[in-house]
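Here's a walk through a two-chain model, taken one piece at a time. Have the structure open beside you as you read.

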Amino acid sequence: MNFPFDVNIPLLLEGFPHPAMILDENFRIVALNRLLEAMTGYDAESVAGIHGELIIRSNTGNSRGQLYSNVMQTGVSVSVTGDIINSYRRKIAVQYSIAVLDDNAGRHCGLLVIVEDLSGREIVNSSGIANYSTMEMIGHSAKMQKVFDMILLLAQTDTSVMITGETGTGKDKVAEIIHQKSSRARFPFIKVNCGALPPGLLESELFGHVKGAFTGASRNKPGMFSLADKGTLFLTEIGDMPLPLQVKLLSVLDDREFVPVGGENKISVDVRIIAATHRPLRDQVRKHKFREDLFYRLNVLQIHLPPLREREGDVRYLLDYFLQKFTKALNKPILGFAPKALQALLNFQYPGNVRELSNIVEYAVNICPRKKINPDHLPPYIFDQQADRIPAADSSPREFSREAKKIDSAAGYTAPSDARESWSEIERQLIVDILKDHRGNRTRVAEELGWGRMKLWRKMKKYGLQQ
Amino acid sequence: MMQKMMVLIQGDFVAPRFDLATEVLMVQFDKGNVIGEPKMIIMERSSDEALCQMAVEENITDIICGGIEEVHYNFLVWKKVAVLDAVIGNWRKAVEKGVAGTLSQGEILHSNKDESLTL
């Protein structure tokens, strides 16, 4: 490609604040910047010579390069909105802008393509309050409101964040919202699951490798740290990270530079770390499975996502939200839940939290042929015994352990022998037993249960214990 | 055991997106050998949900596709379908490698410069 002046194309593209690439006259990739590498998941070296749309994968009517052809023929730039699907299986809303490049003779010789990530743009509702429901973060309970307040605070800082919570509570979504609301929003957000890859592969995935570093390393590969430069690296299931890698991660956090696998030169990066785990990391530290220094380095700011069973009133909102979502997606004329089905859903404990609730509603919407969802349309297991149900493995949320201890220590209370009892029955029996112990003194019963009098009153009303 | 592969295609390429693909190729194979004639299906309109349903109804064991959303990927994996996604390149080469068991997720199959392929 001829330019009227000497130009270093890769360097020029790196200066762009958005993912960008240059295509030749046949729409084949000549160069792309690191932001586009991060957005699509493909590195420049391996996709050189590939048709541009094959790595962008947009829904903007360019699947056969029609937009490229139009711009090349007319010389008129276009800018359209749509979405792409990257190689991490993530759909990203984008503004796709295409402009023609001319050579010295004025002949169209290529295209400049800019793919601006729109997912970070704040969506504000009419009341001016940030709307997290677009990210499926829905909650009206006091605990979730605290989480939402914390998210805004955490987004203002650049410090490492640790997100804890049981499986299905939305740790990934919170990490993404923090990134999108931070000053790093227009730079990449890269997620790495530390528990999903074997140690050797995880090191190469995080820090990259140089050609010849190991058998099969036929080219240089930038790691996730490089791809997330200026953005955020989200390390999920950090509790599963092998110890030797924890040392390397700690050194990157301290020095902001690292050496790729098999390499000699250090690479400097500016990356914010958000880590998440469903494991109790303090216990892991005590068991010498997680480095104490790394724990303190990551745990600068901490946010705990409450399990669904502690989010008073949110289950109802979430049921309605997911019902609406799935009826629309599956084009079903379902209007709501029948009272018995609703009661069963409200009584269920959701050990898999919001993810499980969403799955149950999706199942019901698929099964239900009528206008109301009946108990018959719900997965049978939610009617099974919940006495032997344990909340998500290893999660041991403080609140639940406290509840469990209360159950154990409740004077005179013995665990129900019939394993087919529901959680509601267990809870009802617990209240009855403690009421007996305290001769009906509700203040003392509420104290023992760790509840407010209002909550005790509501529960007693629910279980028909009011006289 | 006989396997049944579904390949989402567009022109000469593996279709860039699962949810926008309308051409589906079905290939039955056993121990690296294609059995019978591959079957081509042209869908009336693109639909990721319809493709997932088709994969289940047709007892598909393997899928080769381009970009796919996590929700559909997880569904297919849950249905015990081996999904090789984010594949870029000539679908004929992809099928050959898929049948031989040498194709990997995210693989880029470069074409010869003189090879004329239509997207």
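Let's begin in chain B, where S3(B) and strand S4 (residues 33-42) of chain B pair in the antiparallel sense over seven bridges. Two strands count as paired if DSSP finds at least two bridges between them, and the elements themselves are DSSP runs numbered from the N terminus: helices are H or I with at least four residues, strands are E with at least two. For one bridge to look for, take B:Glu23, whose partner in S4(B) is B:Ile42. The hairpin of S3(B) and S4(B) has two residues between the strands, and there B:Lys31 takes a positive phi near 50°.

Before going further, a word on what you're looking at. This is a predicted model, so local features need pLDDT of at least 70, and side-chain atom pairs count only at pLDDT 80 or more, while totals for chains, interfaces and linings use all residues. Residues are numbered from 1 along each chain as its sequence is written, and chains are lettered from A and ligands numbered from 1 in the order in which they are written.

Back to the strands. S3(B), residues 23-30, also pairs with strand S1 (residues 3-10) of chain B, again antiparallel and over seven bridges. Here B:Lys4 has B:Gln28 in S3(B) as its bridge partner. Chain B as a whole has three helices and eight strands, running β-β-β-β-α-β-α-β-β-α-β from the N terminus on. Of its 119 residues, 38% count as buried, which takes 20 or more other C-beta atoms within 10 Å of a residue's own, with C-beta atoms placed from the backbone.

Now for two of the helices. Helix H1 (residues 48-57) of chain B and H2(B) pack at an angle of about 10°, with their axes 11 Å apart; axes are lines fitted to C-alpha atoms, for helices over the stretch in contact, and angles run from 0 to 180 degrees between N-to-C directions. That makes H1(B) roughly parallel to H2(B), a label for angles under 35 degrees. B:Asp48, B:Cys52 and B:Ala55 of H1(B) make the contact with B:His72, B:Phe75 and B:Leu76 of H2(B). Two residues are in contact if their C-beta atoms, placed from the backbone, lie within 7 Å.

Chain A has a mean of 82, and 87% of its residues reach 70 or more. In chain A, residues 122-131 are below 50, and residues 385-421 stay under 50 too.

Chain A has an open sheet of five strands in the order S2-S1-S5-S4-S3, with antiparallel pairing. Its edge strands are S2 (29-32) and S3 (78-85) of chain A, each pairing on one side only. Helix H5 (residues 66-74) of chain A lies across S1, S3, S4 (91-102) and S5 (108-117) of chain A, at about 25° to S4(A).

Finally, where do the chains meet? 19 residues of chain A are in contact with 18 residues of chain B. H4(A) gives the most to the chain A side, with three residues. The predictor gives the complex an ipTM of 0.94 and a pTM of 0.58.

Technical notes:
pLDDT is the predictor's confidence in each residue, from 0 to 100. Angles under 35 degrees count as roughly parallel, over 145 as roughly antiparallel, 65 to 115 as roughly perpendicular and the rest as oblique. A residue is buried if 20 or more other C-beta atoms lie within 10 Å of its own, exposed if 12 or fewer, and partly exposed in between; C-beta atoms are placed from the backbone.
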